[in-house]
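This report looks at charged side chains and their pairing, and then turns to the overall build of the chain.

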Amino acid sequence: MSSVQDIWGNMLTSLETESSAISFDVWLKPLEPVDIVDNRLVLLAPSASARDFVASRFLNLLKATLQKHHTMLSEIELIDPLEMEKFSAREQKPKQEEPVATKDAVTLLAKYTFDTFVVGKANQLAFATAQAISEEPGSRYNPLFIYGGVGLGKTHIMHAIGNKIRSTKNLKVMYVPSDAFINDFIAGVRTGSSHSNSFKDKYRSVDVLMIDDVQFFAGKEATQEEFFHTFNDLHQSGKQIVMSSDRPPKEIGGLPDRLRSRFESGIIADIQPPDLETRIAILQRKIQNDKQEVPNEVITYMAERISNNVREMEGALNKLVLLAQLEGVIPSVDLLKTTLKDFDEKSGSAPTMDGILDKVCKYYTLNPNELLGKGRTKDVAHARQLAMYLCTELLSATPLASIGNYFGGRDHTTVMHARDKISKQLASDNKLKFIMSDIKELLTKG
Ligand code: ADP
Ligand code: MG
């Protein structure tokens, strides 16, 4: 008899052709086959709300597909992660599951220390609180919530806290990316109560718990619930908690108030894109560490061109150095200009909200005032959402509230909605992808 995995694999193949790409990616593919009970195939949805939605929209399709492939089976049972607990308890048969993810916390990267982090105005609050925490974990700033755009050093700072504490104190430090926490939780629920206890032990026995990118907790109800208890438990016993996110707690959608208020209950430190001097200093520090030879004018040119993402800047530097080595020359501004053309185009002149509004309106031949006004006709609303989406993508350090405000005093939740809607559409709509890249090209041409 075929395994649940095989059965589900076959079903997925035909579901992919029988449902829209977006439904398939968002709702069907994330389901996980759990077991067969009598004539039912049991499928696990990632959350209770996903389970309900799939049940209301796709149950018949799932059933029909199942019956087509496996005449012995006729029913689908959809469960959520919490039901998984009951389910595994009921089943009780020894399973040949892969070992549960009781892996230790993710290793800390040794190179991410306070010493290698360049401090400037844009990140000094985050840096200072992080240092204070590593001196006296659990005492003053608890929890620390760090937020800022992509590639601005959040992960670096968390590792630095961990490295410092591990080298100076006899404390148990755990760093986990939020998706690892989520997976671990789901694995725990799936294998029943004994592991869910070990999940609890694992996360509640540490002195310092750091969770990276907690924006991914949005909408994951069961995980949030578990994290809420973990949080309270640790916090009450004076253990340090550090979290990072790409946005402030109030802009994380689908987060219940009680969790949001926990996130906000200590200190919130933002990281903004570094100013020019800091960018130059970061590049110089990196060349020093890697013992490379790059003239100052090249550094300055690069720091002037790339402003919103340190990771991109480092990537450009690496590429330049590599190309110079291949050609056996010293990196020059010319080499930078020609060889990093693709890169230059991407992030040439830093986009602004004005620029985005302007280009989107040009593209759709609309008047900017329409987008900034109350108009709700389909075209205007779509163009406005697209412009908001581009702002969140290209100006990742700009708070959603400011974007909303710019677009006619709208609420940050409106921006969130626009962002999520467009990014879902982009996953399946090729025409929209082309439109988006056209507009981005307009933006780079200034
Ligand atoms: P985030 O987690 O915010 O997306 P990371 O911590 O992964 O960003 O940082 C991206 C890269 O940029 C890393 O290699 C990091 O070391 C580097 N970086 C970011 N900010 C700084 C800084 N202020 N000083 C030195 N390196 C930095
Ligand atoms: Mg990170």
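## A buried lysine and its partner

In this predicted model, Lys359 has a relative accessible area of 10% and is therefore buried, since buried means under 20%. Its salt-bridge partner is Asp358, with 3.3 Å between the closest N and O atoms, and Asp358 is partly exposed at a relative accessible area of 29%.

## Other salt bridges

Arg204 and Glu226 also meet through their side chains in a salt bridge, at 3.2 Å from N to O. This pair links distant parts of the chain, 22 residues apart, with Arg204 in helix 8 (residues 193-204) and Glu226 in helix 9 (residues 221-236). Arg204 counts as partly exposed at 22% relative accessibility, whereas Glu226, at 11%, is buried.

A further salt bridge joins Arg51 to Asp52, whose closest N and O atoms are 2.9 Å apart; Arg51 counts as buried at 16% relative accessibility, while Asp52 is partly exposed at 43%. Both residues belong to a network of salt bridges that also includes Asp80 and Glu83. Across the whole structure, the search finds 18 salt bridges.

## The chain as a whole

The protein chain has 21 helices and eight strands, and 46% of its 446 residues count as buried.

The chain carries 54 positive and 58 negative side chains, the centres of the two sets lying 2 Å apart. Its accessible surface comes to about 21600 Å², of which 51% belongs to carbon and sulfur atoms.

Terms used. Residues are numbered from 1 along each chain as its sequence is written. Chains are lettered from A and ligands numbered from 1 in the order in which they are written. This is a predicted model: local features need pLDDT of at least 70, side-chain atom pairs count only at pLDDT 80 or more; totals for chains, interfaces and linings use all residues. Side-chain values use heavy atoms; hydrogens and water are left out. Helices (H or I, at least four residues) and strands (E, at least two) are DSSP runs, numbered from the N terminus. Buried means under 20% relative accessible area, exposed over 50%, partly exposed in between (1.4 Å probe, protein chains only). Accessible areas come from the Shrake-Rupley method with a 1.4 Å probe; for residues, only the protein chains shown count as cover. Lys and Arg count as positive and Asp and Glu as negative; His and the chain ends are not counted. The place of a charge is taken as NZ of Lys, CZ of Arg, CG of Asp or CD of Glu. A salt bridge is a side-chain nitrogen of Lys or Arg within 4 Å of a carboxyl oxygen of Asp or Glu.
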